[in-house]
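The exercises below go with the sequence and structure shown next. Work through each task before reading its solution.

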Amino acid sequence: MEKPLRIVIYLVLAFTIINAIITFFEKSQLKQIQKNIEASQRNIDTALNYINASRTRLDSLQGDVDKFKYYIKNIQANVSILNTKKEIEEAKSNSKLKETVDELNAKVKVFKDELKATDSLPPFDVKPL
């Protein structure tokens with residue numbers, strides 16, 4: 001009976017040693033897994049910081065684009081106003097020019113009539129402008 005008891009004791013001892021070795025390697029692997037998780041967490045935090053910085057830059061760019069749109073609209077409005085003023089001035093100038101041409105044609109007609117009455121020069125044609 002002592003021999004089977006020894007075999008059982010050796011088996012229990014072998015199982016205990018095997019269990020200790022397995023436990024040791026499992027703890028080692030768990031520590032490695034924990035280190036990998038911590039490194040991943042740091043990488044995620046870094047990526048989040050980059051994303052937040054990029055978001056801030058994009059918001060700043062969007063603000064600049066909005067300002068630029070405002071400036072463009074302002075310039076377009078000013079150009080429209082200046083164009084309208086120019087057209088008004090041209091219309092005034094054209095009407096004044098037409099009045100001046102009409103006045104000059106009337107003066108030419110008066111001078112022709114005066115010359116006809118006092119001089120015997122051959123008739124001449126005046127082309128209207």
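**Exercise 1. Find the aromatic pairs and classify them.**

Step 1. The search takes rings of Phe, Tyr and Trp (its six-membered ring) and pairs them if their centres lie within 6.5 Å. By this rule there is one aromatic pair.

Step 2. Tyr70 and Tyr71 have ring centres 5.9 Å apart and planes at 55°, so the pair is tilted; planes under 30 degrees apart would count as stacked and over 60 as edge-to-face.

Step 3. Tyr70 has a relative accessible area of 55% and is therefore exposed (buried is under 20%, exposed over 50%, partly exposed in between, with a 1.4 Å probe and protein chains only).

The model is predicted: local features need pLDDT of at least 70 and side-chain atom pairs pLDDT 80 or more, while totals for chains, interfaces and linings use all residues. Residues are numbered from 1 along each chain as its sequence is written, and side-chain values use heavy atoms, with hydrogens and water left out.

**Exercise 2. Describe the secondary structure and the annotated segment.**

Step 1. Count DSSP runs, where a helix (H or I) needs at least four residues and a strand (E) at least two, numbered from the N terminus. The protein chain has one helix and zero strands.

Step 2. UniProt, in an unreviewed entry, lists residues 7-25 as "transmembrane region"; such annotations may be inferred rather than shown by experiment. Residues 7-25 are 100% helix, and their end C-alpha atoms are 27 Å apart.

**Exercise 3. Locate the salt bridge and place its partners.**

Step 1. The criterion is a side-chain nitrogen of Lys or Arg within 4 Å of a carboxyl oxygen of Asp or Glu. The whole structure holds one salt bridge, between Glu90 and Lys86 at 3.7 Å, N to O.

Step 2. Both residues lie in helix H1, four residues apart, about one turn of the helix.

Step 3. Glu90 is partly exposed at 40% relative accessibility, and Lys86 is partly exposed at 48%.
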